[in-house]
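User: I would like to learn how to read a ligand site and a strand in a model such as this one. Could you take me through them in turn?

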Amino acid sequence: MNSRVSPRRKCLSSRRRGRYLARVHAPPGLRGEFRSDDVARALYSEGAGIFRILPEAVAVPKDVSDLALLVRWAAERGVALVPRGAGSGMQGGNVGAGVVVDLTRACLDTPVIDLEAQTARCGASVTYRALNGAAQPHGLHLPPDPSSGAFCTLGGMAATNAAGAHSVKYGTMRRWVRALEFVTADGEAGRTDGQSHGRTAAEQRFLADVAPAIRASAADLAASTPQTPKNSSGYALDVFARSGRTADLLVGSEGTLAVITALEVALAPLPAERTTLLVTLGSLEQVGPAVLALRPVGPSALELLDRTYLDFVRGAAQRHLATGTEAVLLVEFEGNGREAAAAVQGIATSVELADDAATVGRLWELRHLASPLLASLPDHLRSLQVVEDGCVAPDRLARYIAALRAAAAACGFEIVIFGHAGDGHLHANLLADVTAPDFARRLATCLEQVTAEQIALGGTPSGEHGDGRLRAPFVGRTFGAAYLELCRRTRTAWDPAGILNPGVKILRTDDAGTLRPDALKVGLEAPALPVGIAARLREIERTASWGTFRMELA
Ligand SMILES: Cc1cc2nc3c(=O)[nH]c(=O)nc-3n(C[C@H](O)[C@H](O)[C@H](O)COP(=O)(O)OP(=O)(O)OC[C@H]3O[C@@H](n4cnc5c(N)ncnc54)[C@H](O)[C@@H]3O)c2cc1C
C-alpha cells in the first residue's frame with residue numbers, strides 16, 4: 001500500500017510526523033482533509049460495535065468530485081478505502097486498515113421534496129432525522145425508522161438496508177429507495193437509473209459479466225436465501241434477479257460495491273392516529289402463536305421484551321413487572337387496536353390497551369429503559385453487540401430465544417434480549433467482564449454457536465445491521481457456495497482491484513477469521529490509543545453522540 005510508513009517516519013515526533021505524511025501522501029488536488037497522524041487514525045479506529053482497527057490514514061473529501069478524485073487515486077495505487085457515515089454501524093464495516101473516508105462533509109445536498117410524487121432527493125450524508133424534519137411539515141416521512149435516526153446517515157442506512165420498529169408494516173430501506181447516486185471503485189459518478197450520468201463502466205461490467213448468471217440462477221438463489229421477513233446479510237442477488245434494479249443490489253452492499261453519494265426515496269403519509277397494546281406472556285411457547293395471531297391484524301410495530309430484558313430493567317421500571325412473565329409484546333396500530341386485543345385473548349396472560357398519547361407514552365417507556373442502564377455499566381462490564389442482529393421466521397422465535405439464552409449461559413455471559421418480534425428479528429446484548437483473560441475466546445464461541453443456530457433455524461445472522469467484518473465469514477454458510485461465488489463475481493465486476501472495504505461483507509477467500517483479540521476495542525489485547533482518545537471514543541459510545549465530527553476532537 002502506498003501509504004506505508006517510511007523509515008524516516010520513525011524519527012519524527014508525532015506532530016511533525018502527521019504533517020510529513022500528510023504532505024507526502026495526500027492525493028494531489030484533494031481539497032478536503034487527509035491525515036495519517038496517530039490522533040486522527042485513533043479517532044477513526046472505532047465505530048459502534050466491538051472493533052478497534054487503526055487505519056493507515058483518514059480522508060474527509062469536500063464534495064463528490066473530491067471523493068471521485070480520492071477514489072481514482074486509491075484505485076491507481078491499490079489503496080483500500082473504508083466508506084464511513086456517522087460510524088454508528090455495529091458490524092465493523094466503518095473501520096478498517098486502509099484509508100477511512102469520512103463522507104459527512106462530502107454529500108450534504110439538502111432534501112428536496114417532490115410533493116406530487118411523494119419522493120425526496122438528498123445527499124447521502126444527511127441524517128435520517130434531517131430528512132424527516134424536511135418531510136414532516138408536508139405530512140410525509142420515510143418510514144424505516146432506525147432508533148439511531150438522530151445521527152445515522154441515509155447513505156449508511158442504504159448501505160446496510162437499515163430498518164426499525166415500523167418495518168413490520170413498512171419494510172426496510174430497500175423498499176423505499178427509488179434511485180441511488182454513487183461513485184464507483186473506478187472513480188466514476190453514476191446513478192442507478194442511468195439518468196443524468198449514463199451507465200458507469202463498473203455497472204456495465206456487472207450487467208455484462210454477472211447479471212445474466214444471476215438471472216439464470218434466480219430459482220436457486222431464492223431457495224438459498226433465508227425465508228425471513230428481513231435480511232441484511234449477503235448481497236441481495238435474489239431481489240436483483242427478480243427486479244433487475246441496480247439500486248436493489250447496492251442497497252445492503254455496505255460500501256463494498258460503490259460509495260453512495262445521494263438518494264432518491266419514496267415517502268409515506270404520516271399516520272393520523274396510534275394506539276398501543278401491552279401483551280404479557282407467561283411462557284416462551286406463547287411468543288410464536290401471539291405474534292402469528294397479531295401479524296394479520298396489521299400492526300405498525302410489534303416489539304418484544306424478553307424475560308432477560310425485563311430482569312435487567314426491573315429496578316428502573318415505574319410499573320410492576322410480574323416475575324413469572326417470560327415476555328412482553330408492545331404492539332402499535334395506526335388506528336384502533338381492539339381487534340388485536342381480541343386476537344390474543346386465550347394466549348396472553350394480560351392485555352392492556354392505550355389510545356391516548358400519555359398512556360401510549362407510558363407503555364413505550366418500558367422499551368426505552370435499557371439504553372441508559374447499559375450506558376451506565378461499570379467500565380469492566382461491557383454490553384457487546386456480537387450476536388445482536390439475528391432474524392428467523394416469526395414462528396421460530398421461541399426456539400431462537402431459548403438458543404440465545406443457552407449459548408450466552410454456556411459461554412459465561414449475561415444476555416439482554418429484545419427486538420422486532422413481528423419480523424422474527426431479535427437484538428441481543430451480551431454483558432461481558434472484558435477483564436477476564438479468556439473473554440474474547442468465549443465471545444468467538446458464542447458467535448459461532450448462535451450463528452450455527454440461526455442457520456439451522458433457516459434464519460439470517462443479520463436482519464438490519466449487515467455482515468460487516470463480524471459476520472462476513474458466515475455468509476457462505478448461510479447462503480451456500482454457489483450463492484457466495486456469485487457474490488464474489490459481483491464484487492469483482494464492480495471493484496476489480498478490491499479497494500472498497502476489503503474484509504467486509506463478502507470475503508475474497510474463506511480464510512479470514514473474526515474477532516481477533518487485537519482487533520477489538522475491549523480486552524487486554526485491544527490496540528493502544530494515544531492518551532485521552534480512548535476515553536473520548538468511549539464517551540461518544542456512552543452518550544450515543546455518533547454525530548460528533550471526529551476531526552473536531554483532534
Ligand atoms: C444506538 C444505536 C441504535 C441503532 N438502531 C438501529 C436500528 O434501529 N435499525 C438499524 O437498522 N440500525 C440501527 N443501528 C445501526 C446503525 O445506526 C445503522 O446501521 C445505520 O444505518 C448506519 O449509518 P451510519 O451513517 O452510522 O453508517 P456507518 O456506521 O458509518 O457505516 C455503516 C456501513 O455502511 C457503509 N457506508 C456508510 N455510508 C456509506 C455510503 N455513503 N456509501 C457506501 N457505503 C456506506 C460503511 O462502509 C459501513 O459498512 C443502531 C446503532 C446504534 C449505535
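Analyst: We begin with the ligand and then turn to one strand. This is a predicted model, in which local features need pLDDT of at least 70 and side-chain atom pairs count only at pLDDT 80 or more, while totals for chains, interfaces and linings use all residues. Residues are numbered from 1 along each chain as its sequence is written, and side-chain values use heavy atoms, with hydrogens and water left out.

User: Which residues come nearest to the ligand?

Analyst: A residue is near a molecule if one of its heavy atoms lies within 4 Å of it. Of the 35 residues around the ligand, those that come nearest are Pro83, Gly85, Ser88, Gly89 and Ser148.

User: How many residues of strand β8 are buried?

Analyst: Strands are DSSP runs of E with at least two residues, numbered from the N terminus, and buried means under 20% relative accessible area (1.4 Å probe, protein chains only). In β8, residues 177–184, seven of the eight residues are buried.

User: Which strand pairs with β8 over seven bridges?

Analyst: Two strands pair if DSSP finds at least two bridges between them. β8 pairs with β10 in the antiparallel sense over seven bridges, with valine 177 opposite valine 265.

Methods: Buried means under 20% relative accessible area, exposed over 50%, partly exposed in between (1.4 Å probe, protein chains only). Helices (H or I, at least four residues) and strands (E, at least two) are DSSP runs, numbered from the N terminus.
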